Amino acid sequence: MAVLAIPAFRAMNGAGNMTSASYTISGAIDSARSYAMTHDTYTWLGFFEEDGTMSSANPAQAGVGRIVLSTVASADGTMIYSSTASAPVYVDPTRLVQVSKLTRIPNVHLKSYGNGAGTGTTFPTRPALGSANGRIGDTATPSGALPFFQYPVGASGGAQYTFTNVLQFSPRGEVLVSGMAGVMTPLIEVGLQPVHGDVVDAISPNLVALQVAGISGNVILYRP
């Protein structure tokens, strides 16, 4: 019985972790967009993944197993940087304000998944992403077209985190994603996969894709 129960318990625990992570990230997206619209300014939500087997270092050690989120906003309501600036683009930290506390999500990996079938509302049948859409995952390469920012904002002793996977929200609620050269994208997908320590669970069925509409900013969660 124990042999049968342990895998089942792990599956249940993994499903709970993924549900919690999904809602945390969805909430961070909604909060960043709401702040931009409410305060008539621009906000940036950054994603960083660090080694899940280690305590958070300073500077952070990139790796697998723990997702870190941070949200900042333009203090003067402008986009701050020029959309035609050469990469990499760093936002002037003297013109930023920290919107939210740093959030760490353990036991989850940012994953770039292949397309869904586009025929339904589950993970395998979710809307497919074409070349005009963007992803935040483990193979998404930031182009620098959107600004990188750091945490803590304006730290004199050096930054602990540098966020290069970024969602940008405009005062109208529109969303841009790093890696797409500042172009409005119909859909942006954030992929999540379970992790044990720093080892990705490649056989787990507990896969998640969060899709964000570029114009409306609405978030839809897809699971098997």
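Predicted model: local features only at pLDDT ≥ 70, side-chain atom pairs only at ≥ 80, totals over all residues.
Q: Why is the pair formed by the rings of Tyr113 and Phe123 called edge-to-face?
A: Ring centres must lie within 6.5 Å to pair, and planes over 60 degrees apart count as edge-to-face. The centres of the Tyr113 and Phe123 rings are 4.9 Å apart and their planes stand at 85°, so the pair is edge-to-face. The structure holds six aromatic pairs.

Q: What makes the pair of Tyr113 and Phe123 a tie between parts that are apart in sequence?
A: Tyr113 and Phe123 each lie in the loop between strand 5 (108-110) and strand 6 (134-136), so the pair ties together parts that are ten residues apart in sequence.

Q: How do you know whether Tyr113 is buried or exposed?
A: Buried means under 20% relative accessible area. Tyr113 has a value of 10% and is therefore buried. Phe123 counts as buried too, at 10% relative accessibility.

Q: What makes the charged end of Arg126 count as sitting over the ring of Phe123?
A: The CZ atom of Arg must be within 6 Å of the ring centre and within 35 degrees of the ring normal. The charged end of Arg126 sits over the ring of Phe123, 4.3 Å from its centre.

Q: Which residues form one aromatic cluster?
A: Phe48, Phe149, Tyr151, Tyr161 and Phe163 form it.

Q: What lines the largest cavity?
A: The lining consists of Glu50, Asp51, Met54, Ser55, Ala57, Gln61 and Arg66. By class, there are two nonpolar, two polar and three charged residues. The volume of this cavity is about 30 Å³.

Definitions and conventions:
Residues numbered from 1 in each chain as written. Heavy atoms only, no water. Phe/Tyr/Trp six-rings, centres within 6.5 Å; stacked < 30°, edge-to-face > 60°. Helix = DSSP H or I, 4+ residues; strand = E, 2+ residues; numbered from the N terminus. Buried < 20%, exposed > 50% of the residue type's maximum accessible area, 1.4 Å probe, protein only. 1 Å grid on protein atoms, 1.4 Å probe; cavity = no way out; pocket = protein on both sides within 12 Å on 5 of 7 lines; lining within 4 Å. Points joined across faces, edges and corners; volume = space filled by probe spheres on them. Nonpolar A, V, L, I, M, F, W, Y, C, P; charged D, E, K, R; others polar.
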